[in-house]
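The following note sets out numbered comments on the model, for discussion. Each point takes up one topic.

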Amino acid sequence: KQEVTQIPAALSVPEGENLVLNCSFTDSAIYNLQWFRQDPGKGLTSLLLIQSSQREQTSGRLNASLDKSSGRSTLYIAASQPGDSATYLCAKWGTDKLIFGTGTRLQVFP
Amino acid sequence: GAGVSQTPSNKVTEKGKYVELRCDPISGHTALYWYRQSLGQGPEFLIYFQGTGAADDSGLPNDRFFAVRPEGSVSTLKIQRTERGDSAVYLCASSVSSGSGSYNEQFFGPGTRLTVL
């Protein structure tokens, strides 16, 4: 059972574009939603954490929103740069563990 | 301060061998988590400790997998009779505490890449 789904699986864009990464989850009883970045061969770096009572969080060029009624979260990346190339993972907090999506592999080319 | 560390960073072993993977959490973090990430997939939960005890081990795939945290700090994930399907990156994370319904941010280590030949 896939509880967390991410679309698209892969994305390749030119530098400067604004991007939208999607995350959907089957269980609306969500406590928290977190977005991570993973570089090849590395661990996870937390980007944004949205508490269940919140609707969005912003950090620099990143903005994440949470719509519990529709079971969706969206990560916006403004003015993408080659250094943004990585895999982006969303995860929901499932009572006592994080449940991850399969990720979106992003490549930003100059 | 120091983050979560994991050793070794890479481990290559032969089918049927025993391996141990170590995780050093952030000092003072009482909750510790193990996840496994297969190629092209997101991390999947294995087990979590609150202090010394395993509070939830529902993600361990079978009885060849075992984890301990005897002093409530360092944890060791142990895999017996390794199989090729065990090849993955094993990630460890820690947080200040954990509890049903409440979330404290988890901080992840760099992972151990296990390859079973």
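1. In strand S8 of chain B, B:Lys78 is the bridge partner of B:Glu20. S8(B) covers residues 75-79 and pairs with S3(B) in the antiparallel sense over five bridges. Two strands are taken to pair if DSSP finds at least two bridges between them. Strands are DSSP runs of E of at least two residues, helices are runs of H or I of at least four, and both are numbered from the N terminus.

2. The model is predicted: local features need pLDDT of at least 70 and side-chain atom pairs count only at pLDDT 80 or more, whereas totals for chains, interfaces and linings use all residues. Residues are numbered from 1 along each chain as its sequence is written, chains are lettered from A and ligands numbered from 1 in the order in which they are written, and side-chain values use heavy atoms, with hydrogens and water left out.

3. Strand S3 of chain B, residues 19-24, has two faces: B:Val19, B:Leu21 and B:Cys23 lie on the covered one, and B:Glu20, B:Arg22 and B:Asp24 on the uncovered one. S3(B) is also joined to strand S1 of chain B (residues 5-7), through three bridges and in an antiparallel manner. Here B:Gln6 stands opposite B:Cys23.

4. Chain B as a whole has eleven strands and zero helices. The radius of gyration of chain B is 13 Å, which agrees with the value near 13 Å for a compact globule of 117 residues; this radius is taken over C-alpha atoms, and the globule rule is 2.2 Å times the number of residues to the power 0.38. Along the principal axes, the C-alpha trace of chain B spans about 40 × 30 × 30 Å. Of the 117 residues in chain B, 46% count as buried. Buried means under 20% relative accessible area, exposed over 50%, and partly exposed in between, with a 1.4 Å probe and protein chains only.

5. In chain B, 55% of the contacts with a separation of 6 or more are between residues 24 or more positions apart, a contact being heavy atoms within 4.5 Å. The accessible surface of chain B comes to about 5500 Å², and carbon and sulfur atoms account for 47% of it. Accessible areas come from the Shrake-Rupley method with a 1.4 Å probe; for residues, only the protein chains shown count as cover.

6. Chain A likewise contains zero helices and eleven strands. The radius of gyration of chain A is 13 Å, close to the 13 Å given by the globule rule for 110 residues, so chain A is as compact as a globular protein of that length. The C-alpha atoms of chain A fill a box of roughly 40 × 25 × 20 Å along the principal axes. Buried residues make up 45% of the 110 in chain A.

7. Which strands form the open sheet in chain A? Five strands do, in the order S1-S3-S8-S7-S6, with antiparallel pairing. The edge strands are S1 (4-7) and S6 (56-59), each of which pairs on one side only. From one strand to the next the twist averages 15 degrees; axes are lines fitted to C-alpha atoms, for helices over the stretch in contact, and angles run from 0 to 180 degrees between N-to-C directions. Four bridges join S6(A) to S7(A), residues 62-67, and A:Thr58 stands opposite A:Asn63 in S7(A).

8. The largest nonpolar core holds 21 residues, of which A:Trp35, A:Leu75, A:Ile77, A:Tyr88 and A:Leu106 touch the most other members. Such a core is a set of buried Ala, Val, Leu, Ile, Met, Phe, Trp, Tyr and Cys residues joined through side-chain atoms within 4.5 Å. S3(A) gives the largest share, four residues. Beyond four places in sequence, the contacts of A:Tyr88 include A:Gln6, A:Phe36, A:Leu47 and A:Gly103. Apart from this core lies another, of 20 residues, including B:Leu46, B:Ala67, B:Tyr90 and B:Leu114.

9. A:Ala91 is found in strand S9 of chain A, residues 86-93. A:Ala91 counts as buried because its relative accessibility is 0%. Its C-alpha atom is separated by 6.2 Å from that of A:Gly101, ten residues apart along the chain. Among the residues that A:Ala91 touches, leaving aside those up to four places away in sequence, are A:Asn32, A:Gln34, A:Leu98 and A:Phe100.
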